Amino acid sequence: MNHDAAVSNAKQIADRVLSPAARQNDKEGRFSVEAVEALGPAGLLGLMLPTELGGAALGPRTFAAVLEALAEADASVAMVYLMHICATATIAAARAGATVKPTLGEIAAGRHLSTLAFSEAGSRSHFWAPVSRARRNGAGVYLNARKSWVTSAGHAQSYVVSSLAPEGKGPTDSTLYLVAAGARGLSIAGPWDGLGLRANASAPMSLEDCEVPGSQQLTDDGAGFQAMLQVVLPLFNLGSAAVSLGLCRAAVAGTATHLKTARFEHLGQSLGESLPTLRAQLATMQIETDGLAARLDDLAGHLERPRDTTMLRVLECKAAAGDAAIAVTSTAMRVCGGAAFSRHMSVERVFRDAHAGAVMAPTGDVLREFIAKAVLGMPLF
Ligand SMILES: Cc1cc2nc3c(=O)[nH]c(=O)nc-3n(C[C@H](O)[C@H](O)[C@H](O)COP(=O)(O)OP(=O)(O)OC[C@H]3O[C@@H](n4cnc5c(N)ncnc54)[C@H](O)[C@@H]3O)c2cc1C
């Protein structure tokens, strides 16, 4: 599979599976099992895995384009996919000696969904500082943790879980573990009833004396933090920005359709024909959307050919994307007026979904902290 085939597969799934069900799944807060069942056979779950493991060995640019297509139809599914690809990359980067080949084989075969369980109730959005601590159990550990939000909770086949290393000294001395969905002591700890991304099952999970064998320890003791920063953060921020871009495009398309079809019958004109102010606002939305697309293109280039400015771009892109998505979808709400407010159109769902980007860690505020500290030459942590 090449870039074009992957994006075309994603677009077909978006049209055939995601678009028809997005509204109802959002209303019911229902996880789209059908979407995951379609992504697997299309070869998209193993998108970035090497070919020797059965993956498509495609890069960040394709990952972002696939996400944009999915998010334009249903951002909840796109977020499920984003978390899966981040978890898969972490599993694929496991230390020597970890037994991860069977899991990666299942992912490449399209039969295994994974996700990240980082955020904890105790440290909230500061995912790099888990407050839970693993306890030694021979070569393995026991995990006890209160994970506050886990996308695909109860639907994934595995979870990449962070916890402080048993002998970790500082707040970022974490270790990452691969925990199977059926592991004893792992459970969903509450419902998911979000304002947006309602169909992605981002429920809290608890781990109680959950036994993880040494073979499922993904990083060395205390090396979880480096994996979060080097493996997860670039992909997560790129992917989160791609989801924001998909949402912006959905808002522009929905608004344009409304301006063409809603009419002032007494004037004999569509809204778009009648009101320059609505056209000006649509133009602003389009400018923001294309600006975000350019940012994503730039970040994909930096990830393909890393250089000094790469980490700064990683931080900037998600911060800018979260703001752009909120701005574009807010304008869409105003332009579409009562029709959007009364939920007659998908612009309202897109507006709610767009607000998750800035809240998901690293949040827009935290990213600004990091960016400014980097510019000032201050340590980030
Ligand atoms: C839909 C959804 C899905 C999610 N899925 C996952 C998942 O799969 N896995 C996972 O691990 N987590 C997940 N999360 C959790 C997410 O990444 C964040 O950890 C969580 O949303 C932050 O919660 P909080 O607002 O309570 O954090 P808080 O830390 O309480 O933040 C509150 C406010 O303070 C600001 N703030 C915090 N620290 C600073 C700082 N240092 N400087 C400036 N401002 C600051 C924040 O920006 C925010 O505005 C998900 C969250 C959502 C909403």
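Mentor: The ligand takes up the space of the largest pocket. A pocket here is an open set of points on a 1 Å grid over the protein atoms alone, with protein on both sides within 12 Å along at least five of seven lines, and a molecule sits in one if more than half of its atoms lie within 2 Å of its grid points. Keep in mind that this is a predicted model: local features need pLDDT of at least 70, side-chain atom pairs count only at pLDDT 80 or more, and totals for chains, interfaces and linings use all residues. Residues are numbered from 1 along each chain as its sequence is written, and side-chain values use heavy atoms, with hydrogens and water left out.

Now the shell. There are 20 residues around the ligand, and Ser 119, Arg 124, Ser 125, Thr 363 and Asp 365 come nearest; to count, a residue needs a heavy atom within 4 Å of the molecule. By type, the shell splits into 11 nonpolar, six polar and three charged residues, where Ala, Val, Leu, Ile, Met, Phe, Trp, Tyr, Cys and Pro are nonpolar, Asp, Glu, Lys and Arg are charged, and the others, Gly among them, are polar. Helix 11 gives the largest share, three residues, and strand 3 (140–150) also supplies at least two. Helices (H or I, at least four residues) and strands (E, at least two) are DSSP runs, numbered from the N terminus.

As for polar contacts (pairs of N or O atoms within 3.5 Å), a ligand oxygen is 2.7 Å from a backbone N or O atom of Ser 119. The side chain of Thr 151 puts an N or O atom 2.9 Å from a ligand nitrogen, while a polar backbone atom of Ala 361 is 2.9 Å from a ligand oxygen. Taken alone the ligand exposes 970 Å², and the protein buries 74% of that; these areas are Shrake-Rupley values with a 1.4 Å probe.

Pro 362 sits in the loop between helix 10 (347–359) and helix 11 (364–376).

How values were computed. A polar contact is a pair of N or O atoms within 3.5 Å; within protein, one must be able to donate a hydrogen and the other to accept it, and residues adjacent in sequence count only if both atoms are side-chain atoms. On a 1 Å grid over the protein atoms alone, a cavity is a set of points where a 1.4 Å probe fits but cannot get out, and a pocket is an open set with protein on both sides within 12 Å along at least five of seven lines; lining residues have an atom within 4 Å of a point.
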